[in-house]
Amino acid sequence: MDFKADLRDLRFQLFDWLPMDELLATGGFGDWDRESLGMTLDEAYKIAQERLGPGNEEGDRTEAQLADGQVTLPESSHDGYRTVAEGGWIGCANSPEYSGLGMPHTVGTAATDLFAGANLSVTLVFLLTRGVGEIIERHGTDELRALFCERLYTGHWSGTMCLTEPHAGSDVGASTARAEPLGNGRYQVSGEKIFITFGEHDLTDNIVHAVLARLPDAPSGTRGLSLFVIPKVRVQADGSLGEPNDVRCASIEHKLGIHGSPTCSILFGSEGGCEGYLLGEPHGGMRVMFEMMNSARIEVGIQGTAVAAAAHQAALAYARERVQSRRWSDGRDADPVAIVEHPDVRRMLFTSDAFVQAMRALALKTSYCLDRSHVEEGEAAERYAAYVDILTPICKAWCSDWGFRVTEWCLQVYGGYGYSKDYPAEQYLRDIKITSIYEGTNGIQALDLVGRKLRRQADAVRQLLGEAAGTARGLASDPTLGPSARKLGQALEVLGRVLTETPGKDDGPLRLVLNAVPILDMLGHVLGGHHLLEQARIAGDRVREIVAAKGLEDGDADAYRELLQSDADAAFLHNKVQAAVHFAHRVLPQVEALAAPIEAGETAAIDAVL
Amino acid sequence: MKIGVCIKQVPDTEARLRPSASGQWIDEEEIPFAINEGDEYAIEEAISIAEQTGGEVVVVTVGPERAREALRKALAVGAHRAVHLADEAYAGGDCWATARALAAVANRESFDLILTGSQSADVGFGTTGTLLASMLGWPHAWLVVGLEVADGSAKVTREMEAGKNELLQIGLPAVVEVQAGINKPRYASLKGIMQAKRKEVAELSPADLELDPSQVGAAGSRLEFLSVSVPPKGEGAQILEGDTAEVATQLVDKLRTEARVL
């Protein structure tokens with residue numbers, strides 16, 4: 001099955017919905033303009049289809065192999081990696097000083113949407129490599145920057161992030177890996193890290209690990225963790241490779257999905273010979289690691305979106321071809337039709353589509369705010385940074401959770417064939433599951449949101465919800481979108497009540513931690529509904545323009561149907577409006593249902609004996 | 001070495017085509033366009049020859065404003081500059097009129113070699129390159145699957161029927177029309193896409209090429225499109241049912257008794 005993407009929607013969201021011109025006009029992105037950015041999307045899609053997609057199934061079936069401490073990946077993974085690295089995609093949004101290409105993160109995100117949809121496993125190594133390059137660029141000494149940044153951004157070497165230890169997962173502060181100064185500015189590091197994505201592989205000559213470890217005088221907990229850069233092979237002053245660095249892959253995990261991505265246990269310094277460089281301040285490792293994690297969390301939201309989008313495209317193609325059963329409204333002897341004609345199948349496909357569009361909007365908007373926070377100054381920069389702060393956990397958790405459900409609905413479209421390995425639906429479902437778990441489980445994301453972000457960034461939350469309220473008001477009397485806008489208004493009212501009243505209740509803190517995930521979902525639903533309605537407004541105007549340009553009579557249903565059949569762009573825009581209506585009527589009312597137990601103070605899960 | 005590559009922007013193979021209101025061509029509104037597939041291979045071949053010989057690659061197209069996107073893509077993968085014959089006077093030209101305009105560009109540029117695809121994906125006449133060579137008085141090879149350029153001549157492998165190839169040595173300058181599959185076209189790198197913006201795209205009018213407007217475009221054409229239509233749906237098709245063995249037996253039977261071709 002060839003990888004397919006809705007490039008039209010990506011373009012619409014990037015260039016017709018997000019104020020891309022405003023972003024480019026800030027001058028923070030060199031020569032990049034609409035035309036050249038549009039061209040990058042075409043090229044990314046070609047690479048996704050021709051070089052990443054073909055290896056997706058092979059990576060799943062052959063899995064990464066470990067022998068004598070070396071992990072090998074199939075040739076198709078090498079081919080995909082090489083093509084992406086040589087094209088400059090790994091450092092596409094990074095600093096040109098180190099051979100990055102300096103384009104907006106927002107467009108880099110769109111490229112990741114295509115790459116991750118085609119082959120999630122291989123795409124993970126791009127994220128990690130870019131992430132390690134970025135923290136070295138921001139916090140490294142001149143020596144470190146010169147040694148590593150360019151080699152990472154160009155994909156000559158890859159990166160990892162090493163936090164988790166056998167007894168320190170979500171509780172990172174329990175880490176025990178140790179680091180001792182060697183006196184020459186370097187440190188000897190020892191310890192075991194587990195669940196290290198692309199911790200060992202044969203795609204590159206060297207692997208640059210970012211490792212949390214404790215210095216001898218370190219306080220306990222996360223405040224005593226320092227960050228070290230540890231190359232698998234030691235690097236000489238001129239950047240050439242030296243001796244191996246006592247970094248060993250002890251085992252790889254056998255997992256539910258992303259089999260093409262090796263998840264490794266790495267032993268650092270088991271023979272006392274592992275040298276690393278301190279990155280940032282002593283005991284300041286967690287803060288730096290959080291920078292990498294925050295960008296990674298946005299990317300995980302994109303991964304959820306991307307895999308769900310790929311699953312939807314595959315299911316849609318299948319439903320258009322698979323002929324089974326007559327149309328429900330036809331007579332007994334009628335011929336069977338393609339299953340896409342059956343209302344229940346349409347519902348599953350279109351709910352999937354609406355969620356994918358809403359997830360894509362959230363991921364792109366988060367990246368857009370990130371770009372603005374980098375290129376604006378003063379109050380504007382702070383405001384966009386606050387938006388990123390609040391949107392990051394929602395993007396990560398909402399897109400990955402609902403992305404998983406999309407893959408489930410899409411598998412259901414195939415019936416029994418969806419459950420078989422002959423079709424890609426089951427791989428999408430297995431692969432996407434990790435996105436709700438890694439980079440901080442979605443439970444952790446929700447606690448971060450209700451415990452920290454909602455309080456610290458209360459103004460930003462008010463502004464974001466205020467924008468949504470503006471959309472609801474602005475469209476309230478629109479003949480097509482009015483009822484949907486009112487659903488958004490109602491959902492906003494309930495959400496506002498829960499956010500303002502819950503903390504003040506006697507058991508407010510308990511209600512918040514118990515309901516962190518439902519609260520995050522409420523916010524995700526409301527933002528999704530808001531973004532889709534904004535897009536529907538633009539799309540609806542365009543459709544009216546097309547109708548007028550073609551000289552169709554207003555209200556001539558037959559001519560309009562004919563237009564949708566013959567004009568692919570009109571059909572796309574029409575569907576944008578339908579997606580907003582669908583989402584507003586089927587998802588936004590769930591906000592009230594999610595609020596009910598919170599407002600009632602229901603705590604049965606706490607009171608139960610488990 | 002200066003290599004000209006003639007490319008054409010054609011409707012994307014996935015575009016849904018419909019006859020235009022006049023019925024003489026397709027409705028070009030709202031359909032995606034792409035570089036003709038064969039021409040992509042010609043671009044790649046030119047760039048790799050230029051990389052080896054240190055030459056220059058100039059892409060040339062005849063087409064309206066939208067065709068500039070095709071030129072930009074060629075520049076993004078590595079062509080050095082572009083010539084765009086976008087003037088209204090060139091519109092509606094047949095192979096003859098198009099070849100004449102291209103020949104004028106070739107004379108002006110003094111190319112050592114012209115590469116192009118063997119035929120276009122839209123009208124598919126496969127004659128523009130041949131006409132161009134004859135107008136220039138240059139040797140020419142069609143359906144080329146292998147090309148080696150050295151010392152003022154080219155070793156050319158042509159695809160023949162029945163899996164056979166023909167090996168020719170032709171003198172330069174020449175027109176070589178390549179076949180899809182001759183190489184593996186590269187992707188545009190992000191750096192290439194950035195640089196493409198700064199590369200020259202020269203728009204040349206018939207006057208710039210010392211041509212009279214009556215020699216190019218519809219006015220200079222010898223061929224007229226009378227009508228374009230979607231083929232009518234066939235009738236009388238039979239769908240054979242059963243498993244593969246049964247269907248094969250029925251088919252052979254029908255080929256013997258009904259079609260009488262066996």
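Does Arg198(B) count as buried or exposed, and at what relative accessibility? At 54% relative accessibility, Arg198(B) counts as exposed, where exposed denotes over 50% relative accessible area, buried under 20%, and partly exposed the range in between (1.4 Å probe, protein chains only). The structure is a predicted model, in which local features need pLDDT of at least 70 and side-chain atom pairs count only at pLDDT 80 or more, while totals for chains, interfaces and linings use all residues. Residues are numbered from 1 along each chain as its sequence is written, chains are lettered from A and ligands numbered from 1 in the order in which they are written, and side-chain values use heavy atoms, leaving out hydrogens and water.

Over all chains, 57 salt bridges are present, each defined as a side-chain nitrogen of Lys or Arg within 4 Å of a carboxyl oxygen of Asp or Glu. One of them joins Arg360(A) to Asp9(A) at 2.8 Å, N to O. Because Arg360(A) belongs to helix α10 (residues 343–375) and Asp9(A) to helix α1 (residues 7–17) of chain A, this pair ties together parts 351 residues apart in sequence; helices (H or I, at least four residues) and strands (E, at least two) are DSSP runs, numbered from the N terminus. Arg360(A) and Asp9(A) are both buried.

A further salt bridge, at 2.2 Å (N to O), is formed by Asp31(A) and Arg198(B). This pair crosses between chains, from the loop between α2 (20–25) and α3 (34–52) of chain A to the loop between α5 (190–196) and β11 (201–203) of chain B. Asp31(A) counts as partly exposed, at 34% relative accessibility.

Within chain A, a network of salt bridges links Glu57(A), Asp60(A), Arg61(A), Glu426(A) and Arg430(A).
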